[in-house]
Amino acid sequence: MHMVIYALVEASTHDDALATGKSVFDRLVGADPHAGAVFDYYVTFDEEDTSVAGKARWGELPTAAPVDSDDGQDLLERGWEATKEEFERNLDRVKEAIDELSDEEIMRDEDLARHAFHKVGAYDGPTIFLYTEHGTGIRHRGQLDRLLEASEELWIVPADVHF
């Protein structure tokens with residue numbers, strides 16, 4: 001499956017932002033020897049040689065944008081809303097499982113209940129759409145707000161990832 005994720009990185013130029021974003025995505029696909037793979041591969045929106053990912057799948061997106069620009073705000077909103085919606089969807093599944101299933105049924109992963117528990121607690125992967133420049137998933141609004149307030153030159157870099 002494919003999804004678009006976003007890296008929030010400090011940079012002074014577009015090229016620096018894109019390079020730093022790619023290093024974040026390298027970590028998330030396990031290209032960095034000190035990082036475990038969270039996704040199978042990624043394609044950034046500057047790549048033209050693919051017919052199944054990036055622009056070919058999602059259309060034109062900025063390759064990198066300052067967070068305080070219109071494009072940056074749009075990408076940030078997309079990433080945060082997707083994270084929030086995925087969390088709420090899985091949290092609803094968890095609440096339903098607690099209300100309707102026995103402990104034994106949850107333990108057996110009836111209706112993928114334990115899988116939903118896992119997704120609610122995930123730090124990265126398909127339920128997290130925003131990442132710091134260190135490859136850390138942004139899981140709650142306070143964390144995002146602190147990052148936004150702490151940086152003067154914050155950029156957002158999108159990538160199509162496969163998982």
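**Helix H1 and its surroundings**

Modeller: Let's start with Gly30, which follows H1 and has a positive phi, near 80 degrees. Helices (H or I, at least four residues) and strands (E, at least two) are DSSP runs, numbered from the N terminus. This is a predicted model, where local features need pLDDT of at least 70, side-chain atom pairs count only at pLDDT 80 or more, and totals for chains, interfaces and linings use all residues. Residues are numbered from 1 along each chain as its sequence is written, and side-chain values use heavy atoms, with hydrogens and water left out.

Colleague: Which residues are buried in H1?
Modeller: Ala17, Leu18, Gly21, Val24, Phe25 and Leu28 are buried, meaning under 20% relative accessible area with a 1.4 Å probe, protein chains only (exposed is over 50%, partly exposed in between). They are on the same side of H1 because they cover an arc of only 120 degrees around the axis, taken from the directions from the helix axis to the C-beta atoms.

Colleague: And what covers them?
Modeller: The cover includes E1, strand E2 (41-44), strand E4 (130-131) and E5.

Colleague: New topic: which residues touch the most other members in the largest nonpolar core?
Modeller: Ile5, Phe25 and Phe39, out of 21 residues. A nonpolar core is a set of buried Ala, Val, Leu, Ile, Met, Phe, Trp, Tyr and Cys residues joined through side-chain atoms within 4.5 Å.

Colleague: Which element gives the most to this core?
Modeller: H1, with five residues.

Methods. Contact = heavy atoms within 4.5 Å.
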